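Let's take a walk through this fold together, starting with the overall layout and ending with a couple of individual side chains. Keep the viewer open as you read.

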Amino acid sequence: MAYALCSAGAASVFSSSAIRRRLPLVGAFCMLSFGLSNLCPTLSSSLKTGCAQSLPFVSLLRSKFSTQSQANTIKMEASGNTVPSIVVYVTVPNRDAGKKLAQSIIKEKLAACVNIVPGIESVYEWKGEVQTDSEELLIIKTRQSLLEALTEHVKANHEYEVPEVISLPITGGSIPYLEWLKNSTRD
């Protein structure tokens, strides 16, 4: 049933009168399909018969955007010259606080690099009230083994009562960059 609906929908998408209205919808289905199949391989095997999976250009998108076969990239567990690494997000109230914290993190060799992203707006609940604040985001690249020390450093040097410290794994990337990350941080 779903396949029949998608097939009919796909045919009407390519008619000239409907292309402007429905092309973003088809794009969303394709990207959703592409994303789900990369994020959850077991789920993607059950989606193979879905309409977005059966569109002819989904495999082309996978081949163009997949980084698994690109030269000079690795998965983290595949190289002896790299270490398990993470990206850590920390928000700060302003540019000066961000620069000060970033410089202290680098000076202590708790990270190889800190990006300061200006102009974010955070909406959150604090002490029972919804708050909205302008903030800056620190994107910190470091070793997984340094997360605890980095977290303690942020807590000790941050003006927030409960600073954000969220880590995400780096599962692969450029070999020279990941080697540089390892060599720029303490053991």
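In what order do the elements of the chain run from the N terminus on? They go α-α-α-α-α-β-β-α-β-β-α-β-β-α, which comes to eight helices and six strands. Helices here are DSSP runs of H or I with at least four residues, strands are runs of E with at least two, and both are numbered from the N terminus.

A word on the ground rules: this is a predicted model, where local features need pLDDT of at least 70 and side-chain atom pairs count only at pLDDT 80 or more, while totals for chains, interfaces and linings use all residues. Residues are numbered from 1 along each chain as its sequence is written, and side-chain values use heavy atoms, with hydrogens and water left out.

Now find the sheet. Four strands make it up, in the order β3-β4-β2-β5, and it is open, with antiparallel pairing; two strands pair if DSSP finds at least two bridges between them. At the edges sit β3 (113–126) and β5 (166–170), each pairing on one side only. From one strand to the next, the twist averages 30° (axes are lines fitted to C-alpha atoms, for helices over the stretch in contact, and angles run from 0 to 180 degrees between N-to-C directions). Helix α6 (residues 95–107) packs on this sheet and touches β2, β3 and β4 (129–143), its direction making about 125° with that of β3. Contact means heavy atoms within 4.5 Å. Helix α7 (residues 147–157), for its part, lies across β2, β4 and β5 and runs at about 10° to β2.

Zoom in on β2 (residues 85–92), which pairs with β5 in the antiparallel sense over five bridges. (Buried means under 20%, exposed over 50%, partly exposed in between, with a 1.4 Å probe and protein chains only.)

Over in strand β4 you'll find Arg143. Is Arg143 buried or exposed? Its relative accessible area is 7%, so Arg143 counts as buried. Leaving aside neighbours within four places in sequence, Arg143 is in contact with Val83, Pro84, Ser85, Ile86, Leu181, Lys182, Thr185, Arg186 and Asp187.

Stepping back, buried residues make up 30% of the 187 in the chain. Among contacts with a separation of 6 or more, 70% come from residues 24 or more positions apart.
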